[in-house]
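Visitor: I am new to this structure and would like to learn how to read it. Please show me one feature at a time.

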Amino acid sequence: LEKGDTIAKEVLFFDGKYGTLVFKSAAILRFSFAFFLPPSRLPSSPPEVLSMKRFRATVSPPSACLCSMNVLSEEILLTILEKLTDSSDRKSWSLVCRYFYVLESQHRKGLKPRRSDFLPSLLGRYRNIQCVDFSLCPRVSDDSLLALSRLCRSTLASVNLSQSKFFTHVGISQLTINCASLVGIDISNGTQLTDVAAEAISKAGNLQTLRMGRCKQITDLGIGCIAVGCRKLRTLGLKWCLGIGDLGIGLVAIKCKELRSLDLSYVQ
């Protein structure tokens, strides 16, 4: 194909090594398999400017299976999707057709919403979310955490609330009770959280990573509850937790036998 071809403006890129054409719209994408032909079936001397209709008339039609998207299995499509690291590329990929849209929804494991108001609708589409990062949401309410715990009950593995406010021990309790697979929680900068929130965290028996930097109202009582309830902890961050002393750290050392990393920066 040349620059003057009628469909050239719809082509995203051409792989000369494999003879692969990728089109912009889903309608034309269905005809792209007509170009996956051996050289013997291509016209010997195609004109400089060739319309789609004349090209199809010149080339013998491929078999029925090549005209369908079914020639690409789900495993192949997911492999292609894994290679797309840029979020805009993944979004464009999902808009090719309805089938691609569904595959992208099922494949996504992480979510980083900009507003917690959109969380229920997002979780309605993405059912296999494992990691939710609220670092772009300054306002996260208990209702948002309740919706998260209900819609991702069996899949949620980690949640980041380090830049969020307006949630309390009630929302944390819903997460730790409903999400049995939860292994990571980040509540850094939760200056409003007290020992009641620490007690709610202690209900996450499978927790392995906990970051509580600048949770200045949590004391030895709260960290003691965490040490007793979360014995699988491997990483614990207590930077700037000014209310924690030797008693709380001693309980962590006794109860959390699998602990590998402990941050006590600026702890009195």
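Predicted model: local features only at pLDDT ≥ 70, side-chain atom pairs only at ≥ 80, totals over all residues.

Visitor: What covers the buried residues of α10?

Guide: The cover includes α9 (195-201), β7 (209-211), β8 and α11.

Visitor: How should I think about the spacing of residues along a helix?

Guide: An α-helix has 3.6 residues a turn, so residues three or four places apart point the same way.

Visitor: Which residues of helix α7 are buried?

Guide: In α7 (residues 142-151) they are D142, S144, L145, A147, L148 and S149. Among the elements that cover them are α6 (119-125), β4 (131-133), β5 (158-160) and α8.

Visitor: How do I describe two helices that pack together?

Guide: Two packed helices are described by the angle between their axes and the distance between the axes. Take α10 and α11 as a case: their axes come within 8 Å and cross at roughly 5 degrees. Angles under 35 degrees count as roughly parallel, and α10 and α11 are therefore roughly parallel to each other.

Visitor: Which residues make the contact of α10 with α11?

Guide: From α10 they are D220, I223, G224, A227 and V228, and from α11 they are L247, G248, L251, V252 and K255. Sorted by class, this contact has 6 nonpolar, 2 polar and 2 charged residues. D220, I223, G224 and A227 of α10 are also on the list of buried residues.

Visitor: Are α4 and α5 parallel or oblique to each other?

Guide: Apply the angle again. The axes of helix α4 (residues 87-94) and helix α5 (residues 98-107) come within 7 Å and cross at roughly 135 degrees. They are therefore oblique to each other. On the α4 side the contact is made by R90, W93 and S94, and on the α5 side by F100, Y101, L103, E104 and H107. By class, the residues of this contact divide into 4 nonpolar, 2 polar and 2 charged.

Visitor: Now the rings. How many aromatic pairs does a search of the whole structure find?

Guide: The search finds 2 aromatic pairs. In one, the rings of W93 and F100 have their centres 4.3 Å apart and their planes at 15 degrees, so the pair is stacked. The cut-off behind that word is planes under 30 degrees apart.

Visitor: Are W93 and F100 buried or exposed?

Guide: W93 is buried, with a relative accessible area of 10%. F100 is buried as well, at 6%. W93 and F100 both belong to the contact between α4 and α5.

Visitor: What about W240 and Y266?

Guide: W240 and Y266 form a stacked aromatic pair, 4.6 Å centre to centre with 10 degrees between the planes. This pair links distant parts of the chain, with W240 in the loop between β8 (235-237) and α11 (246-255), and Y266 in the segment after β9 (261-263), 26 residues apart. W240 is partly exposed, with a relative accessible area of 26%, whereas Y266 is exposed, at 53%.

Visitor: What is there to note about the backbone of W240?

Guide: W240 has a positive phi of about 65 degrees although it is not a glycine. Y266 likewise has a positive phi of about 65 degrees and is not a glycine.

Visitor: Where does the charged end of R139 sit?

Guide: It sits over the ring of F166, 4.1 Å from the ring's centre.

Visitor: How many helices and strands are in the protein chain?

Guide: The chain has 11 helices and 9 strands. Of its 268 residues, 37% count as buried. Among contacts with a separation of 6 or more, residues 24 or more positions apart account for 62%.

Key
Residues numbered from 1 in each chain as written. Heavy atoms only, no water. Phe/Tyr/Trp six-rings, centres within 6.5 Å; stacked < 30°, edge-to-face > 60°. Buried < 20%, exposed > 50% of the residue type's maximum accessible area, 1.4 Å probe, protein only. Helix = DSSP H or I, 4+ residues; strand = E, 2+ residues; numbered from the N terminus. Lys NZ or Arg CZ within 6 Å of the ring centre and 35° of its normal. Axes fitted to C-alpha atoms, helices over the stretch in contact; angles between N-to-C directions. Parallel < 35°, antiparallel > 145°, perpendicular 65-115°, else oblique. Contact = heavy atoms within 4.5 Å. Nonpolar A, V, L, I, M, F, W, Y, C, P; charged D, E, K, R; others polar.
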